[in-house]
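Colleague: I would like to learn how to read the packing of helices, and then how to read a ligand shell and a pair of domains. Could you take me through these one at a time?

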Amino acid sequence: MLSGKTALVTGSTSGIGLGIARALAGQGANILFNGFGDAAEIERLQAAVAKEFGVRTAYHNADMSKPAEIEALVKFADSTFGGVDVLVNNAGIQFVANVEDFPVEKWDAILAINLSSAFHTSRLLLPQMKARNWGRIINLASTHGLVASVQKAAYVAAKHGLVGLTKVTALETAQSGVTVNAICPGFVLTPLVQKQIDERAAKDGISNDAAKKALLSEKQPSGEFVSPEELGALAVFMCSDAAQQVRGVAWNMDGGWVAQ
Ligand code: NAD
């Protein structure tokens, strides 16, 4: 379905981004990886995806909080693959504290990585997508783009902002072959959530398993984590011809979280 096309997945060295990159590669897309991590491990990951799916892969280490590095990433995509057809804005971080205790530098970093980076990649890549009259932009928001939780001011603000950016960009491309949508996962067991589980286990003096159950039971009625593979399948659908008129949605995959 996506053979001959290129997908840039930001923050794809781990978790959901990696799951989506693998799903898109499974449809034949070449993958431009981005994110932090051990250089040898990233090299191995790139080679494994290229081999398993018979696609081309590359990697760029842009720090998504830095507009100049995002410009370099887009230039690299142009010179390496001749552009980007599918843009998945996935890089993200979390930090929890009450508003009055929230470190200012954490607020700035979360807004830059979780929200502004998607503005920069979109503004830089939309002209080429519009020129080709085909493109897909998928923004990884969150249930926290739709509803709030305590201690997550920066994350909730950034994700609500990302849903807003998604709607505006979808309207501005509505009469073109470019679609723009957001995916809003509930809890997915990735390093980002494991950190919250570890903190919860330490604070409450409970086991890792008990902390997982406590986290899920507060928010996710299914009592189960969403998986990166399931989110990858949703991203693949959003890239399909059948999804041509799916525009500006914030699609939750959340075990029932926001139905409550
Ligand atoms: P993760 O920590 O496993 O992966 C985050 C990725 O982003 C990594 O590849 C990391 O290297 C990269 N990254 C972090 N800061 C970066 C920066 N400055 N520049 C470039 N890359 C950077 O987290 P995840 O759970 O897979 O999260 C992926 C996205 O999904 C995030 O936007 C997150 O907010 C969102 N999300 C996660 C969950 C969840 O439960 N895990 C739920 C809803 C939404």
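Colleague: At what angle do H6 and helix H7 pack?

Modeller: Two packed helices are described by the angle between their axes and the distance between the axes. In this predicted model, where local features need pLDDT of at least 70, side-chain atom pairs count only at pLDDT 80 or more, and totals for chains, interfaces and linings use all residues, H6 and helix H7 (residues 208–219) pack at an angle of about 110°, with their axes 8 Å apart. That makes H6 roughly perpendicular to H7, since angles under 35 degrees count as roughly parallel, over 145 as roughly antiparallel, 65 to 115 as roughly perpendicular and the rest as oblique. Axes here are lines fitted to C-alpha atoms, for helices over the stretch in contact, and angles run from 0 to 180 degrees between N-to-C directions. Helices (H or I, at least four residues) are DSSP runs, numbered from the N terminus. Residues are numbered from 1 along each chain as its sequence is written.

Colleague: Which residues of H6 and H7 make the contact?

Modeller: Two residues are in contact if their C-beta atoms, placed from the backbone, lie within 7 Å. On the H6 side these are Gln196, Ile197, Arg200 and Ala201, and on the H7 side Asn208, Ala211, Lys212, Ala214 and Leu215. By class, this contact has five nonpolar, two polar and two charged residues, where Ala, Val, Leu, Ile, Met, Phe, Trp, Tyr, Cys and Pro count as nonpolar, Asp, Glu, Lys and Arg as charged, and the others, Gly among them, as polar.

Colleague: How do the axes of H1 and H8 cross?

Modeller: The axes of H1 and helix H8 (residues 228–239) come within 8 Å and cross at roughly 50°, and H1 and H8 are therefore oblique to each other. Among the residues that meet there are Leu18 and Arg22 in H1, and Leu231 and Glu229 in H8. By class, the contact of H1 with H8 has ten nonpolar, three polar and two charged residues.

Colleague: How many residues surround the ligand, and which are the closest?

Modeller: A residue is near a molecule if its C-beta atom, placed from the backbone, lies within 6 Å of it. Here 28 residues surround the ligand, and the closest are Gly11, Gly15, Gly35, Gly92 and Thr190. The shell divides into 13 nonpolar, 14 polar and one charged, and helix H1 (15–26), helix H4 (104–132) and helix H6 (191–204) each supply at least two of its residues.

Colleague: Which domains does the shell draw on?

Modeller: Domain bounds come from an automatic or database domain assignment, and the shell draws at least three residues from each of domain 1 (6–186 + 226–251) and domain 2 (187–225).
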